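This report covers a sheet, a metal site and a group of aromatic rings. The sequence and structure come first.

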Amino acid sequence: MRRIDCHVHLVGDGSSGSGCRFRTPNLLRYLAARYLVRTTGLPASILQGGLDEAYVAQLLSLVKASSIDAAVLLAMDMPRSDDGQILEEKANFYVPNDRVLELAAKHDEFIPACSIHPGRPDSMEELEKCIAGGAKVMKLLPNCHNVNCSDSNFRPFWERMAKGGMVFLAHTGGEYTIPVLNKEYADPRVLRLPVECGVITIAAHAAGRSGLIDSDYTGELIKMFADFSNLFADNSALATLNRWRTIKKLLPPEVCSRVLHGSDFPVPSGGFGPWVGRQLKWKDFRTISRESNTIERDALLKTAIGFPDETFTRLDGLLPS
Ligand SMILES: [Zn+2]
């Protein structure tokens, strides 16, 4: 079984003809982008041009140098209004499906995750195209893409995914990095229809709180585990200062048997939060802080916190062949 990081973002500026788009509409977003770029190990000056190629080369070298065998590389579709219109101004970044399919065809270290808003007029055609192109996972942020996953119109879409064995990675819980269009879709209960259709579904961030004031849905997610054996959670971005509180709810063995390892790269993972929360020993925090590879550092933190090896390999048994 491969050790997999199930939640790794691709970003690009289109400089190599990738079709990726990336924008920083205000100073705050620009500073956040600079910070994220620096955590990848790239110079902030790469935001002036050349991000497409530099990001891929850097990510590939980090995965190769880590204890992780493969990373699920995420495309990013456009958000849409309830009547299916693209909401360009609500998208901070866009990564076309072709880009992740092409990179995964070239590099065994990447597992391609397409991103398809099921309300797109061409959603079924795009899904067929991605399945044929080798996509294993489909990623959405229902609250940011504005997708009511339990809208009965989307049933054929989920049924096709289930038939192809494609895994659904869905953001759950609050979000601060990109604009939220519908807060209610942060609730994992909105994933009921795809789960009922038989789609293997991963609730990213385990539906936890992303700050101090937003809703915490981890308890609801854990209740749903009892009803659906095809429902999972990832522990991505949980070793951060704003999300560490979710960790303790995931460690009991019966819950942990549904947890998958994910980093949310390039979101920085430092371990200060888990140390404050007494989930990480000072000695481990200090030692792991010296690891400069963000992909490896997050894996080391998760292990030191107590996530067992199976959380790293579990996804390999769930992916379609
Ligand atoms: Zn993410």
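A residue counts as buried when its relative accessible area is under 20%, and as partly exposed between that value and 50%. The model described here is predicted. Phe-285, with a relative accessible area of 10%, is therefore buried.

**Aromatic rings.** Eight aromatic pairs are found in a search of the whole structure. Two of the tilted pairs share Phe-272 and are listed below.

| Pair | Centre to centre | Angle between planes |
|---|---|---|
| Phe-272 and Trp-275 | 5.8 Å | 40° |
| Phe-272 and Phe-285 | 6.2 Å | 50° |

Phe-272 lies in helix α11 and Phe-285 in helix α12 (residues 282–289), so their pair ties together parts 13 residues apart in sequence. Phe-272 and Trp-275 are three residues apart in helix α11, which means a separation of about one helical turn. Phe-272 is partly exposed at 40% relative accessibility, and Trp-275 is partly exposed at 30%. Ring pairs join Phe-272, Trp-275, Trp-282 and Phe-285 in a cluster. Elsewhere, Arg-3 lies over the face of Phe-312, 4.2 Å from the ring centre.

**Sheet.** Eight strands form an open sheet with parallel pairing, in the order β1-β3-β5-β6-β7-β8-β9-β10. The edge strands β1 (4–9) and β10 (259–260) each have a single partner strand, so one side of each lacks a neighbour in the sheet. Strands β7 (residues 167–171) and β8 (residues 201–204) pair over four bridges; Ala-203 in β8 is the bridge partner of Ala-170.

**Zinc site.** His-7 (NE2), His-9 (NE2) and Asp-264 (OD) coordinate the zinc ion at 2.1 to 2.2 Å. His-9 in strand β1 and Asp-264 in the loop between β10 and α11 (272–276) are 255 residues apart. His-9 counts as buried at 12% relative accessibility, and Asp-264 counts as buried at 8%.

Notes:
Residues numbered from 1 in each chain as written. Predicted model: local features only at pLDDT ≥ 70, side-chain atom pairs only at ≥ 80, totals over all residues. Heavy atoms only, no water. Pairing = 2+ DSSP bridges. Helix = DSSP H or I, 4+ residues; strand = E, 2+ residues; numbered from the N terminus. Donors = N, O, S within 2.8 Å, 3.2 Å for Na, K, Ca; no water. Buried < 20%, exposed > 50% of the residue type's maximum accessible area, 1.4 Å probe, protein only. Phe/Tyr/Trp six-rings, centres within 6.5 Å; stacked < 30°, edge-to-face > 60°. Lys NZ or Arg CZ within 6 Å of the ring centre and 35° of its normal.
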